Amino acid sequence: MTSPLISVKDLTLRFRTDEGLVTAVNNVSFDIAPGEVLGLVGESGSGKSVTAKALMMLNADNSVYDPASRITLRVDDQEIDVLSLRRPREQMIIRGGAISMIFQEPMASFAPAISIGDQMVEQLLIHSDMTVARAREISIEMLDRVGIPEPAQRFKQYAFEFSGGMRQRAMIAMALSTKPKLLIADEPTTALDVTIQAQVIELMKDLVEEFHMSILFITHDLGVIAQTADRVAVMYLGNLVETGTVRQVINTPAHPYTRGLLNSLPKLDDLEAPLTPVPGDIPSPLDRPSGCVFHTRCQEFIGDVCKTQIPDYSKDSANHEVSCHLATQGEQS
Ligand SMILES: Nc1ncnc2c1ncn2[C@@H]1O[C@H](COP(=O)(O)OP(=O)(O)OP(=O)(O)O)[C@@H](O)[C@H]1O
Ligand code: SF4
Ligand SMILES: [Mg+2]
């Protein structure tokens, strides 16, 4: 078996705030294999973006990593202990080098007063010793590759001169031009209309196959995950509650929260049916529920055990993993 490209083990991340320490990620573990697309889903505030940013050490200065947390990146037969990279020079190995990230709002990722092309060239020069002429050539090639017409002209333009869809494509071109091993796509399509969304997803799938890179694809939409990912990790209030292949999680969801998310999707065979969002509100991260974090909203609550005991992770023979007392109840009785 090949080693994972990246392994996250017992990641716990808190933020110092005026109200006290807020736990945003709690004891999260997952691997991403080379060439694999892992989807990370969960409602707003569940900790998807801060988990992704941890992989690149991009969280704000008020972040506090629990000492037991480990993130190991394997590149060129070398193991990099990501959370130990303190100096900016060391962090460059990962940021925009081995790992690239595309954000929800591409406008925020481009400097407004520097042309798209100059930003792409600069990024390439930071991560390699190629000439400026070669960096220009690669950048224009990448703009062409992501379907931007007249790439040599577009190369000289500024982010505000691009439409939303074109900006998103330019950001993908910039993220992929350094040929990262891992691409983190944080809600890369939510700001786009449905047709362009589908095109961008197709484009990412093609490029990933061509460059054989892994992707961490973040969204709150399980429908998008079904189209893009190999495996899915479902996050709730900073915890991973279920992990499995797309087929396992969508066809036989094991966690009541995942079942709730799936129920909230529009039914294609009955478009008149009302949408049923997961009932209740996400608790404040400052006041995390005892026992199972989902117990205040769970429709399948089985009693005091849910309120008092944190459910273990249990895995079936096909590596479908879940953290819920329902899964272990059968084993105990
Ligand atoms: N710098 C920070 N200081 C304090 N709290 C923070 C900070 N950054 C993130 N958080 C908190 O961490 C939690 C997780 O945030 P995160 O942005 O990862 O959510 P998300 O799952 O990406 O949500 P969304 O779908 O809305 O993007 C939230 O409660 C958020 O308020
Ligand atoms: S442990 Fe209990 S409360 Fe939590 S998801 Fe399972 S059944 Fe629901
Ligand atoms: Mg987010």
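This is a predicted model: local features need pLDDT of at least 70, side-chain atom pairs count only at pLDDT 80 or more; totals for chains, interfaces and linings use all residues.
Six residues of helix 1 are buried: Lys 48, Ser 49, Thr 51, Ala 52, Ala 54 and Leu 55. Here a residue is buried if 20 or more other C-beta atoms lie within 10 Å of its own, exposed if 12 or fewer, and partly exposed in between, with the C-beta atoms placed from the backbone. Helix 1 spans residues 48–55 and is mostly covered, since six of its eight residues are buried.

Residues are numbered from 1 along each chain as its sequence is written, and chains are lettered from A and ligands numbered from 1 in the order in which they are written.

**The whole protein**

The protein has 12 helices and 13 strands; these are DSSP runs numbered from the N terminus, with helices being H or I of at least four residues and strands E of at least two. Its radius of gyration is 21 Å, close to the 20 Å that the globule rule gives for 333 residues, so the protein is as compact as a globular protein of that length. That radius is taken over C-alpha atoms, and the rule is 2.2 Å times the number of residues to the power 0.38. Along the principal axes, the C-alpha atoms fill a box of roughly 70 × 50 × 45 Å. Of the 333 residues, 40% are buried.

**Two partners of helix 6**

Axes are lines fitted to C-alpha atoms, for helices over the stretch in contact, and angles run from 0 to 180 degrees between N-to-C directions.

| Pair | Angle | Axis separation |
|---|---|---|
| Helix 3 (residues 116–127) and helix 6 | about 20 degrees | 9 Å |

Helix 3 is therefore roughly parallel to helix 6, because angles under 35 degrees count as roughly parallel, over 145 as roughly antiparallel, 65 to 115 as roughly perpendicular and the rest as oblique. The contact uses Ile 116, Gln 119, Met 120, Gln 123 and Leu 124 of helix 3, and Ala 170, Met 174 and Ser 177 of helix 6. Two residues are in contact if their C-beta atoms, placed from the backbone, lie within 7 Å.

On the helix 4 side, Ile 138, Ser 139, Met 142, Leu 143 and Arg 145 meet Ala 170, Ala 173, Leu 176 and Ser 177 of helix 6.

Ile 80 lies in strand 6, residues 78–81. Is Ile 80 partly exposed or buried? With 18 other C-beta atoms within 10 Å, Ile 80 is partly exposed. Leaving aside neighbours within four places in sequence, Ile 80 is in contact with Thr 72, Leu 73, Val 75 and Ile 93.

Asp 76 sits in the loop between strand 5 (70–75) and strand 6. Although Asp 76 is not a glycine, its phi is positive, about 50 degrees. Asp 76 is exposed, with 7 other C-beta atoms within 10 Å.

Asn 319 is found in the loop between strand 12 (314–315) and strand 13 (321–322). Asn 319 is not a glycine, yet it has a positive phi of about 65 degrees. Asn 319 counts as exposed, with 11 C-beta neighbours inside 10 Å.
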